[in-house]
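Thanks for coming. I will take one model today and walk through how its parts are put together.

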Amino acid sequence: MTNNKILALKYRPQEFKDLIGQDIISKTITNSILKGKTPNAYLLTGIRGVGKTTTARLIAKALNCEKANSEKINCSKESLCTTCKEIINSNHIDVLEMDAASKTGIDDVRELIENSKYSPANAKFKIFIIDEVHMLSKQAFNGLLKTLEEPPPSLKFILATTEIRKIPLTIISRCQRFDLKRVGITEMFKHIKNVSEKEKGNITDGALKIISKVSEGSVRDALSLLDRVITFQNLSSNNTVEESDVRNMLGIVDKSKIIILFKEVLNGNTQEAINILKTLYEDGIDTKSFLNDILELLNLVNRKISLGSIEKDQIIPENEINLINEISKEINITDIGLFWQFTIKTIEDLKVISNDYMTLEMYILQLIHLKDLGNDNEQKININAERAENTVKISESKNKEISETSKLKTKNQLKNIEQIESEIIKNPQKNYKQTDYKNIKTFEDIVNLADKENEIELKYDLERNVKLVNFKTGNIDISFNEKLNKNFIKILTEKLLNWTGERWIISLSKNSGDKTLYEKKIELKRSKIEDAKKINEVNSLLDTFKDAQLTDIEDIKD
Ligand SMILES: [Zn+2]
């Protein structure tokens with residue numbers, strides 16, 4: 001480094017034109033100052049490190065600069081006036097900075113207000129900059145409000161905050177508000193590349209891109225990371241910094257490894273997926289950020305499928321984009337939705353499960369299983385559709401010479417159940433509605449419907465293998481046991497659509513749910529038997545026939 005000053009201070013913008021990523025705000029503020037139409041109070045909001053305090057000082061300088069005129073907002077950094085110089089060094093007598101984080105009480109504000117009664121000593125305006133203004137107490141805000149309502153003409157307030165919601169509306173309405181934006185990744189990259197070159201950094205673009213990304217829009221964070229990286233460069237033997245160096249420094253996993261792991265999941269390669277997971281875990285991945293990386297990946301794949309491209313501002317290395325493009329061909333939107341939900345649930349699980357590796361392994365295995373569910377269904381539909389097509393073809397060729405009526409008849413005879421089923425799957429919008437949607441009010445109603453429709457397997461699954469978690473017409477949450485048919489959800493969704501003309505949402509819940517209907521039935525029977533044993537006649541009967549057992553009870557209808 002050319003000197004010891006930290007980069008964030010060294011490269012703090014001294015003119016509005018140097019402010020990164022806040023073009024509109026810069027323009028609005030400078031225009032109003034040039035026109036002499038300035039508000040009594042400015043309110044600057046935005047995330048930390050985005051340039052609020054810097055902007056506050058830029059405003060203070062522009063309002064008080066000795067060299068300012070109707071064309072030029074303030075002196076240039078090459079030839080600063082005394083006022084600007086003093087403001088930069090935080091020692092101008094009329095520009096007072098207060099950090100509300102440390103001075104929150106009414107007494108601090110009272111002192112400030114007392115001071116505000118005096119005219120500026122030697123500048124045009126007396127300016128109060130209050131940082132982290134949301135930290136003020138209620139009383140302090142009330143004190144401040146009175147001054148904001150009737151401010152002396154030579155007094156200006158500049159308030160800055162990261163938490164606008166904590167500021168009373170009465171205060172906000174007295175200020176002109178400016179929301180400083182997060183700095184976009186592309187813009188951040190340009191900025192730190194520029195600083196890096198000036199500092200003789202020998203850092204690859206890939207490494208700089210990682211810094212731009214992890215700083216999440218905060219210029220200060222990006223520069224302080226750059227500081228660390230340049231120090232690292234000066235200490236390292238080959239005097240360059242690569243992507244992998246930055247990753248190691250920040251404890252960030254190589255995203256392409258996660259993408260490859262995900263690819264193995266989609267291909268159903270359980271062993272390979274687990275091997276990669278193990279390596280990543282041994283390398284020290286953070287469990288939660290790993291799961292968040294998966295969410296980010298799902299979002300990118302979804303974006304690729306739905307919108308055809310990945311947002312330019314994301315800055316993703318070429319090899320990762322290629323991988324994402326490949327993945328987007330192997331997964332459909334439904335699976336992405338399922339994976340998304342499941343990932344979020346796993347993140348929640350982390351709060352209760354102490355073994356991180358176990359959670360991750362379980363997560364990966366379950367993802368593979370979820371993907372299988374989807375594949376099986378697709379294959380089945382494809383087979384059905386193919387068969388149906390062939391059957392129709394045969395029937396058509398056979399029927400060429402037969403009259404129109406018998407042609408239809410033969411065709412209908414050839415249509416087996418499978419064919420009809422596949423047509424339903426192919427044309428879900430076709431209305432087979434037989435039952436009024438609104439009449440299905442309980443889970444049992446669905447079981448009865450399956451019975452009525454002669455769906456024996458489905459009814460069996462509903463009764464024995466499904467545990468109800470939550471039921472609303474059109475929306476069912478279930479959990480299940482290992483015996484449940486893999487295609488259950490798909491089948492039930494299609495059947496319900498055909499029976500009711502509505503698309504039902506059936507989701508798998510991780511809550512254990514109620515008992516199955518069958519379990520409930522057994523339990524009811526058992527308790528009836530127990531009750532019956534208490535009846536005297538039954539008791540004496542059982543006493544008489546020692547080998548007899550009461551196994552069932554039936555209500556007699558009279
Ligand atoms: Zn100046």
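Predicted model: local features only at pLDDT ≥ 70, side-chain atom pairs only at ≥ 80, totals over all residues.

Residues are numbered from 1 along each chain as its sequence is written.

First, the overall counts. The protein has 24 helices and eight strands. Helices here are DSSP runs of H or I with at least four residues, strands are runs of E with at least two, and both are numbered from the N terminus. Of the 558 residues, 27% count as buried. Buried means that 20 or more other C-beta atoms lie within 10 Å of the residue's own; exposed means 12 or fewer, partly exposed is in between, and the C-beta atoms are placed from the backbone. Among contacts between residues at least 6 apart in sequence, 74% join residues at least 24 apart. A contact means two C-beta atoms, placed from the backbone, within 7 Å.

Now the cores. A nonpolar core is a set of buried Ala, Val, Leu, Ile, Met, Phe, Trp, Tyr and Cys residues joined through C-beta atoms within 7 Å. The largest one holds 61 residues, and I158, I211 and L226 have the most contacts inside it. Helix α10, residues 219-235, gives the most to this core, with seven residues. The core draws at least three residues from each of domain 1 (2-179) and domain 2 (185-250); those bounds come from an automatic or database domain assignment. What does L226 contact, leaving aside neighbours within four places in sequence? The list is L7, I192, V195, S196 and I211. Apart from this core lies another, of 23 residues, among them I259, L300, I331 and Y363.

Next, strand β4, residues 155-161. Seven of its seven residues are buried, so β4 is largely enclosed by the rest of the structure. In a regular strand, side chains alternate between the two faces of the sheet. In β4 both faces are covered: L155, F157, L159 and T161 are buried on one side, and K156, I158 and A160 on the other.

Which strands pair with β4? Pairing here requires that DSSP finds at least two bridges between the strands. Strand β1, residues 41-45, runs parallel to β4 and is joined to it by five bridges. Strand β3, residues 126-131, also runs parallel to β4, again with five bridges. L159 in β4 is the bridge partner of L43, and L159 is likewise the partner of I130. β3, helix α6 (residues 138-149) and β4 make a right-handed β-α-β unit. Right-handed means that, with the strands pointing away from the viewer, the path from the first strand over the helix to the second runs clockwise.

L112 counts as partly exposed because it has 19 C-beta neighbours inside 10 Å. Not counting residues up to four places away in sequence, L112 touches M98 and F128. L112 and F128 are 16 residues apart in sequence, and their C-alpha atoms are 8.4 Å apart.

On to another set of strands. β6 (residues 466-472) and β7 (residues 475-480) run antiparallel and are joined by six bridges. They form a hairpin with two residues between them, and G474 in the turn has a positive phi of about 95°. L468 stands opposite I478 in β7, and I478 stands opposite L508 in β8. β7 and β8 (residues 505-508) run parallel, with four bridges. The chain crosses from β7 to β8 through helix α22 (residues 488-500), and this β-α-β crossover is right-handed.

F471 is in β6. Is F471 buried or partly exposed? With 18 C-beta neighbours inside 10 Å, F471 counts as partly exposed. Leaving out residues up to four places away in sequence, F471 touches T442, F443 and I476.

Last, helix α15, residues 318-328. Its buried residues include L323, I324 and I327. Seen down the axis of α15, the buried residues fall within an arc of 100°, so they line one face of the helix; the arc is taken from the directions from the helix axis to the C-beta atoms. Those buried residues pack against α12 (255-266) and α14 (287-307). The face of α15 turned away from the buried side carries the exposed residues E318 and N322.
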